[in-house]
Amino acid sequence: MGCEPLPAGRRELVHVHEVEVSLGGRTVLRDVDFRIAEGEFVGLIGTNGSGKTTLLRTILGLQPTSSGEVVVAGREGRRGGPVGYVPQRVTFDHDVPVRVADFVALGVDGTRFGLARRGRGVRERVDQVLASLELGALAGRRIGALSGGEQQRVLMAHALASRPRLLLLDEPLANLDLSGVHETIAVLDRVRRSEGVAVLLSAHEIGPLVPVMDRVVYVAQGRVACGTTEEVVRPEVLSALYGHHVDVLHVHGRVVVVEGEPGDPGAHPEVVVR
Amino acid sequence: MHWLVEPGFWSNPVVGPALILGAVVAAVSAAVGVVVVVRGQSFAGHALTDVAMAGGAGASLVGATPLVGFLLAGIVGGASIEAAGAERVRDRDVATGVVLGGAAGLTALLLYFVSSSTSATGSTQSVLFGSVFTVSPSVVPLGVAVAAATLATLFGVRRPLLLSSLSPELAAARGVRPRVVSLVFVVVLAASVALSALVIGAILSTALLVGPASAALRVSRGLVGATVGAIVAGVAAVELGIVASYDSFYWSAAHRSVPVSACVVAVVLVEVAASAGWSRWRRGRG
């Protein structure tokens with residue numbers, strides 16, 4: 001299950017190079033090594049607590065590595081790179097006096113100090129991003145007055161506003177119902193094409209992502225492995241990932257992943273998770 | 001205007017400086033207060049008033065201008081709250097409480113010395129309740145300069161400040177350093193508390209910081225509108241308070257004035273109550 005090579009004709013955007021991360025003396029990620037190409041849609045799949053958030057924070061430069069390095073767009077990973085981030089839990093109080101359009105504008109100029117007014121270019125970019133995420137009607141609303149799903153969409157607009165080359169999303173599907181999940185994935189797939197941005201999205205369920213993913217990075221026991229969807233979405237691979245038997249069914253042209261009970265026989269011990 | 005102000009108001013030499021300083025200080029407090037409310041830092045704002053009190057008492061002990069004492073103590077106190085490095089809200093609360101307790105103890109000690117020394121008569125009164133009518137005219141330019149610098153700093157950091165107030169993690173991911181931003185803001189907050197301590201006294205300066213801001217935030221939807229509204233409400237409260245305090249000399253036969261600070265806080269409370277009523281009425285309709 002190697003991570004090489006990148007899809008043909010694609011240029012490298014991210015290289016996570018032999019990264020090891022410890023939290024409170026415990027090694028939570030080791031030998032993590034993979035690449036993401038420009039414009040790729042990559043799913044980061046793993047069970048809760050497997051280190052997905054830590055890996056995303058490491059790519060952002062928020063989490064120091066104990067060894068190895070992360071290179072984003074040719075620069076060794078540090079904060080403030082061309083990366084948009086949608087954290088898992090950001091909720092705004094109901095009475096936060098910030099309009100959607102203003103919050104999205106902070107995605108462009110939220111790092112700028114100084115007395116200058118917000119430029120017309122920023123406002124035009126905000127309108128553009130809001131339109132492409134179908135948020136135009138919410139532009140004047142207070143962010144705290146929106147539903148959880150709407151807030152998440154606004155966070156995506158905030159993350160995209162600065163024209164990042166990589167968009168990191170931490171469990172954006174976790175609190176959505178099924179139609180919300182499919183809608184979010186469809187919007188992300190459309191936006192990554194129109195914006196030319198690579199997407200790395202963490203989730204604990206692979207199923208809904210299969211139609212749009214170029215490749216999968218999966219995390220288990222602090223290690224990762226990756227490959228194309230076809231390489232990874234196979235019973236023996238997913239069984240090794242989850243530690244119990246998993247079936248992959250192909251039904252009416254769709255891929256359905258069915259998990260067995262923990263402790264179920266049928267795990268495939270010959271597959272080694274790198 | 002005779003229905004509003006008693007005779008002699010405009011010709012009285014203490015009135016002009018009081019109105020100017022009061023308006024400037026109210027504007028700074030209100031603008032800073034909006035950020036305080038959004039960040040949920042009212043408690044830190046209140047703790048800084050206790051710190052400022054200690055500084056004001058110390059300044060009058062050594063014969064310096066109270067404003068300088070308010071400022072220095074506030075900045076040191078604010079920086080030590082930040083230096084405690086509490087990222088979680090509860091830890092920050094505890095650090096703030098510890099600083100508050102220490103400062104209150106120091107204030108009590110210093111005010112004891114002040115009140116037992118004959119050379120500083122009236123200082124305790126002015127530290128606690130403000131001294132806008134008795135402030136020396138030479139302090140007015142200093143106050144206006146500090147106010148201008150405070151507003152300019154707040155305006156200059158507004159975007160990183162707002163972003164890290166909404167989500168420290170988002171701000172950090174973009175390369176903003178939330179610790180630096182919050183340190184700058186606590187200095188801004190200390191300066192604003194020092195200014196309002198000068199006008200309405202350390203004890204009541206929290207009211208001027210949080211009151212107009214919270215009233216305006218109820219009424220307006222966006223941050224710009226809230227800030228403008230808070231400034232209007234704050235300036236109105238201080239100016240009306242000054243007028244009422246001056247007029248109150250003529251209200252009773254005994255000619256006992258109501259202090260400016262009490263009048264200002266009364267107007268602030270009316271504003272807060274009115275905004276609460278208005279937002280309830282609007283919610284009931286919509």
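Helices (H or I, at least four residues) and strands (E, at least two) are DSSP runs, numbered from the N terminus. The model in these views is predicted.

**View 1. A:Glu171 sits in a loop of chain A.** The loop runs between β7 (166-169) and α5 (178-195) of chain A. Phi of A:Glu171 is near 50 degrees, a positive value in a residue other than glycine. A:Glu171 has 19 other C-beta atoms within 10 Å. A residue counts as buried at 20 or more and exposed at 12 or fewer, so A:Glu171 is partly exposed.

**View 2. A:Glu18 belongs to strand β1 (residues 12-23) of chain A.** Here too the backbone is the point of interest. A:Glu18 is not a glycine, yet its phi is positive, at about 45 degrees. With 13 other C-beta atoms within 10 Å, A:Glu18 is partly exposed.

**View 3. Helix α1 (residues 15-39) of chain B crosses α6(B).** Their axes come within 10 Å and cross at roughly 20 degrees. α1(B) and α6(B) are therefore roughly parallel to each other. The crossing is left-handed. Among the contact residues are B:Pro17, B:Ile20 and B:Leu21 of α1(B), and B:Val140, B:Gly143 and B:Val144 of α6(B). This contact has 13 nonpolar and two polar residues, with no charged ones.

**View 4. Chain B touches chain A.** Chain B gives 24 residues to the contact and chain A gives 23 residues. On the side of chain B, α6 (139-156), α7 (158-166), α8 (168-173) and α11 (223-247) each give two or more residues. That side holds 15 nonpolar, five polar and four charged residues.

Note on methods
Residues numbered from 1 in each chain as written. Chains lettered and ligands numbered in written order. Predicted model: local features only at pLDDT ≥ 70, side-chain atom pairs only at ≥ 80, totals over all residues. Contact = placed C-beta atoms within 7 Å. Nonpolar A, V, L, I, M, F, W, Y, C, P; charged D, E, K, R; others polar. Axes fitted to C-alpha atoms, helices over the stretch in contact; angles between N-to-C directions. Parallel < 35°, antiparallel > 145°, perpendicular 65-115°, else oblique. Left-handed = near helix turned anticlockwise from the far one by under 90°.
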